[in-house]
Structures are given as structure tokens and as C-alpha cells.
Amino acid sequence: MRMYDIIAKKRDGGELSDEEIQFFINGYVSGEIPDYQVSSLLMAIYFQGMTDRETASLTMCMAKSGEMVDLSSIDGIKVDKHSTGGVGDKTTLIISPIVASLGVRVAKMSGRGLGHTGGTVDKMESIPGMQTSIDREKFFDIVRKVGVSVIGQSGNLVPADKKLYALRDVTATIESIPLIASSIMSKKIAAGSDCILLDVKTGSGAFMKTVDDSIKLAQAMVAIGEHVGRKTIALITDMDRPLGNAIGNSLEIMEVCDTLKGHGPEDLTEICIELAANMLYLAGKGDLAECKKLARRQIDNGEAFAKLKEMVAAQGGDTRVLDDSANFPQAKIAYEVLAQSEGYLYAMNTERCGISSVELGAGREKKEDSIDYSAGIMLRKKIGDYVKKGDVIAVFYTSEEGKCKEAEKIFQSAVSIRPEAPKSVPVIHARVT
Ligand code: URA
């Protein structure tokens with residue numbers, strides 16, 4: 001087999017066989033096939049697309065390029081969840097304890113934030129003592145005893161994706177649905193759970209900017225799940241506004257606790273009930289309406305919050321910050337951002353809100369940057385609220401006052417205030433099964 005022929009076949013619109021896909025993935029990971037040939041194939045895939053069978057085959061070859069986590073020593077159904085990333089997205093830390101408190105196992109590997117989006121691992125590490133680098137046996141043990149553990153990505157998981165993603169990043173081939181779908185699903189499949197819930201974000205703060213594109217991506221990922229025998233559902237959820245009121249690591253953990261105690265922001269609570277209900281549905285806990293009731297009940301009876309505390313304690317975290325947010329290290333500076341005119345808060349460019357919080361120290365621009373865990377933004381007004389000039393629309397938290405002016409410039413450029421009220425937008429746009 002020759003890589004040249006595989007490139008030419010895809011260039012001319014042909015369908016690659018499983019053997020051809022395996023040849024290219026194995027050859028690329030081993031270093032026998034050079035970047036320039038793989039770049040050509042990626043560009044051919046970008047233009048010609050892939051059938052569902054080709055995409056599933058590519059996904060499995062990528063998943064098998066490294067360690068495949070075997071969760072079979074943990075009893076019960078294991079359900080994983082993936083979000084395509086957003087601003088203020090702390091849902092993993094709310095829904096995982098909800099479903100674990102009902103006996104559904106969650107053995108989850110999460111990522112760090114990069115660019116304008118936050119990462120679950122960074123949020124968790126804002127809890128003093130919390131460990132997110134845990135060896136496999138201890139990770140499994142926590143899942144067996146507590147029912148849930150969330151850790152950072154570890155081990156040699158999907159090396160093919162690491163190489164391919166880095167190459168796509170510099171060859172303008174990121175925005176291809178089969179390549180995105182296989183990249184995400186290969187990591188979920190290698191992580192070993194029986195069922196997968198996908199939260200595909202859509203809007204100005206998301207990777208996919210339109211609902212139509214988000215649905216296409218969701219359909220491709222659900223089709224892969226079906227092909228390889230993992231029950232998969234996707235929800236298309238709104239990211240045209242930050243999720244909840246908190247953006248920034250310890251601020252988001254405080255909001256996680258508020259939500260699990262039953263007094264979180266409405267949009268965040270609604271999305272979490274939907275996501276948790278779909279995880280419960282995947283695990284066979286009932287129909288969707290019953291699962292929603294179950295999820296809400298676990299918040300109301302305090303069992304979901306108790307489960308979060310159990311997980312944090314098992315991973316070495318100080319649970320006193322969960323009981324009382326005043327126990328978190330506090331930011332030195334609180335800086336009020338004021339409305340510059342009167343009217344309805346009409347839109348918030350979510351990507352720019354995320355960049356503003358990175359400017360305050362809540363995120364990193366480069367992988368090696370460090371994070372100020374107490375930095376971030378608390379929104380005091382949300383889209384649809386009526387504001388007077390001079391009303392506080394947000395409060396910035398940071399340890400360096402000098403950062404506030406630039407962050408405010410970015411934030412103000414994200415906000416639009418108009419005389420007319422905005423149309424109301426659902427938090428869930430679609431469900432793909
Ligand atoms: N996230 C991933 O993991 N892979 C992609 O290709 C795009 C987003």
C-alpha cells in the first residue's frame with residue numbers, strides 16, 4: 001500500500017477502506033509517513049468529507065493508537081460526558097455528582113482551559129489540596145467507592161489525535177466535521193465508558209457558531225457511537241451567552257455549590273437538569289421525564305451536593321470551601337463594571353467575555369502560563385435585563401489592579417445595550433439521538 005495512492009483516492013472523492021485508514025494512522029504514529037503527506041490527505045478529507053463508515057473506522061484506528069482504558073473492573077454502567085467547550089461551563093462538576101448519587105458511575109478525564117474557554121481540571125484545582133493527577137488504580141478505586149471521579153487526562157491516550165490535531169492546527173484543516181468528530185470520539189472511546197453524552201455548544205462563545213453546523217457535528221459523533229457500539233446522545237446547547245453568572249475558577253466552583261444546593265442561576269440549573277437527565281436515560285434509569293424528576297430530586301434532597309463533597313474529599317480537596325465560599329482564598333481586587341448607556345442588555349459576545357476573564361488572570365494564553373484561581377468575572381446582569389447608565393453589570397476579581405482597564409475594554413466591547421428587548425433564546429436548541 002502507498003500513501004500516495006490513498007491521498008489520490010480521497011482527492012478524487014473515493015471512499016477509503018478500513019485497511020487504508022489503518023495504514024495511514026499506524027504509519028503516521030510510527031513516524032514512517034511524513035507530515036507533508038498526511039497534510040495532503042487531511043486537506044483532501046476537508047474538501048471531500050468522509051462517509052459514516054470511514055469516520056467510524058478513522059475514530060477506532062485513532063482510539064487504538066494508544067492505551068484503551070478498561071473500566072470492566074468497576075461494576076455498573078459507566079457514562080461519560082463531553083462538552084465542546086465554552087465560557088462559564090461548569091456543568092461536569094454539577095451533573096456528575098447528580099448521576100453518581102443515583103448509582104450511575106462516572107470515571108471522567110477532563111481537560112484544562114486554553115484560549116477563551118475554561119477547563120474543568122483548572123476549576124477543580126482551585127479547591128485547596130485537590131488532586132487531579134491520580135494513578136489509574138486509585139482513580140478506579142474512587143469510582144468504585146464514591147461512584148465518581150474527575151481527573152486530568154493521563155496515560156498514553158490517543159497519540160494519533162495529539163499528532164493529527166497539532167498538524168491540523170497549522171494546516172487550516174481543523175474545521176472539518178469528520179476530523180473534529182473522530183478527534184473527540186476517539187478520546188471518549190479510549191476512555192472506556194459504556195455510554196457517552198455530548199454537549200455540543202453553539203454560538204459566539206463556541207467552536208461551532210451556528211445551530212445547523214452544531215447539529216451536523218452532533219450527528220456525525222452520534223453515528224460514530226452507534227457504529228462502534230457505544231450508546232451516544234448529543235444536546236445542542238446555547239453558548240451565545242456565558243453559562244450561569246460566574247466565569248473563572250474558584251468563582252465557578254462557588255456557583256457549582258450554589259446550584260447543587262438548589263439556588264444556582266436559572267439557565268445553568270436548567271441545562272444541568274437536562275444533561276443529567278440524559279446521562280440517567282443513557283444508563284437506563286427511566287424515560288426522559290422520569291430522569292428529569294430524579295435529577296431535580298437529587299438537588300432538592302441534598303444528595304448530589306453530598307456526593308460532590310465525597311468526591312472532593314477522596315481526591316484530597318478541602319471541603320470547607322464547598323460549605324462556605326468565604327473559605328476560598330479571595331481576590332485582592334473587586335472592580336465594578338458599569339453600564340455605559342440605558343436600555344436592554346441585548347447581546348454578549350461570549351468569546352470576548354472569556355478573553356476578558358483570561359486578561360484578569362483566570363485563564364492561560366499559552367499552555368505554560370499559570371492561573372490566578374480567584375480571578376474572574378461575576379455577571380450582575382444577564383441578556384434581557386434592563387439597565388440604567390451607571391448600573392453595575394459585572395464585577396471583576398483579580399490580584400492585579402493594572403489588569404482591570406484592558407479587561408474592561410474587552411468586556412465592554414462584548415456587551416451591546418439597545419432600546420429594544422432581545423428575542424428569548426432556548427438554552428437547549430436540539431437533541432440528537
Ligand atoms: N476538540 C477536539 O478534541 N478535537 C477537535 O478536532 C476539535 C475540538
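**Entry 1: getting oriented.** I began by reminding myself that this is a predicted model. Next I looked up how the protein is divided, and I found domain 1 (3–49), domain 2 (79–323) and domain 3 (330–418). I also checked the spacing of two of them: the centres of domain 1 and domain 3, taken over C-alpha atoms, are 44 Å apart.

**Entry 2: the ligand's surroundings.** Which residues surround the ligand? I listed Tyr165, Arg168, Ile180, Ser183, Ile184, Lys187 and Phe207. I then looked at the space taken by the ligand, and it turned out to be the largest pocket.

Entry 3: Arg168 places a polar side-chain atom 2.9 Å from an oxygen atom of the ligand. In Lys187, an N or O atom of the side chain is 2.5 Å from an oxygen atom of the ligand. How much of the ligand's area does the protein bury? I noted that the ligand taken alone exposes 240 Å², and the protein buries 85% of that.

**Entry 4: the cysteines.** How many disulfides are there? I counted zero, using a cut-off of 2.5 Å between cysteine sulfur atoms. Cys353 is in no disulfide either, and the nearest cysteine sulfur, that of Cys404, is 15 Å away.

**Entry 5: buried or exposed?** I looked up Cys291 and found it buried, with a relative accessible area of 0%. Cys353 counts as buried too, at 0% relative accessibility.

Conventions. Residues numbered from 1 in each chain as written. Predicted model: local features only at pLDDT ≥ 70, side-chain atom pairs only at ≥ 80, totals over all residues. Heavy atoms only, no water. Domains from an automatic or database assignment. Buried < 20%, exposed > 50% of the residue type's maximum accessible area, 1.4 Å probe, protein only. Near = heavy atom within 4 Å. Polar contact = N/O pair within 3.5 Å; in protein donor to acceptor, adjacent residues only side chain to side chain. Areas by Shrake-Rupley, 256 points an atom, 1.4 Å probe, with all protein chains shown as cover. 1 Å grid on protein atoms, 1.4 Å probe; cavity = no way out; pocket = protein on both sides within 12 Å on 5 of 7 lines; lining within 4 Å. Sits in = over half its atoms within 2 Å of the grid points.
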